[in-house]
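This report is for a reader who is new to the structure below. Please look over the sequence and the model before reading on.

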Amino acid sequence: MTAKSAEVATVELNGAVVVWDPGSGTLAKLSVGTVPMPMQVLAWSPAADRLASVDLRGILQIRDAFAPGEPTTLPYPKSSRLGGLSYHPDGRRLALLSND
């Protein structure tokens, strides 16, 4: 869920990131892009304007939640898989969880 609203992001089997309004059960936004599959975890920025994702290969992507386009892709330099991520409250940093 976003920090500013009740929207929830999910990933479809084809990798499409879809945003839902859980109160009504309707789509709030059909797609904010696609992520490499299999995808492992999503995190909203505190301002709810960016969505970060990590796939099972350890590839971190950050995308604009409102504008289509290519995400910023950052490979994780370690050999282990990332198991989670969370934005810092200032929205400028991400904390990554791995089994290192």
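## Arg63 and its surroundings

The side chain of Arg63 makes a polar contact with the side chain of Gln61, at 2.8 Å. A polar contact is a pair of N or O atoms within 3.5 Å; within protein, one must be able to donate a hydrogen and the other to accept it, and residues adjacent in sequence count only if both atoms are side-chain atoms. Arg63 is found in strand 6. Strands (E, at least two residues) are DSSP runs, numbered from the N terminus.

Arg63 is buried but has no salt bridge, and the nearest side chain of opposite charge, Glu70, lies 7.4 Å away. Buried means under 20% relative accessible area, exposed over 50%, and partly exposed in between (1.4 Å probe, protein chains only). A salt bridge is a side-chain nitrogen of Lys or Arg within 4 Å of a carboxyl oxygen of Asp or Glu. For charge, Lys and Arg count as positive and Asp and Glu as negative, while His and the chain ends are not counted.

## Basis of the model

This is a predicted model, in which local features need pLDDT of at least 70, side-chain atom pairs count only at pLDDT 80 or more, and totals for chains, interfaces and linings use all residues. Residues are numbered from 1 along each chain as its sequence is written, and side-chain values use heavy atoms, with hydrogens and water left out.

The predictor's confidence in each residue is its pLDDT, from 0 to 100. The protein chain averages a pLDDT of 78, and 79% of the residues score at least 70. Confidence is highest in strand 6, at a mean of 86, and lowest in strand 3 (residues 26–29), at 75.

Four strands form an open sheet in the order 4-5-6-7, with antiparallel pairing. Its edge strands, each pairing on one side only, are strand 4 (39–44) and strand 7 (72–75). Two strands pair if DSSP finds at least two bridges between them.

Strand 6 (residues 59–64) is joined to strand 7 by 4 bridges, and Ile59 has Pro75 of strand 7 as its bridge partner. Strand 4 and strand 5 (residues 50–55) pair over 5 bridges, with Met39 opposite Asp55. Their hairpin has 5 residues between the strands, and Ala48 there takes a positive phi near 60°.

## His88

His88 is in the loop between strand 8 (82–87) and strand 9 (94–98). With a relative accessible area of 34%, His88 is partly exposed. His88 and Pro46 are 42 residues apart in sequence and 7.8 Å apart in space, C-alpha to C-alpha.
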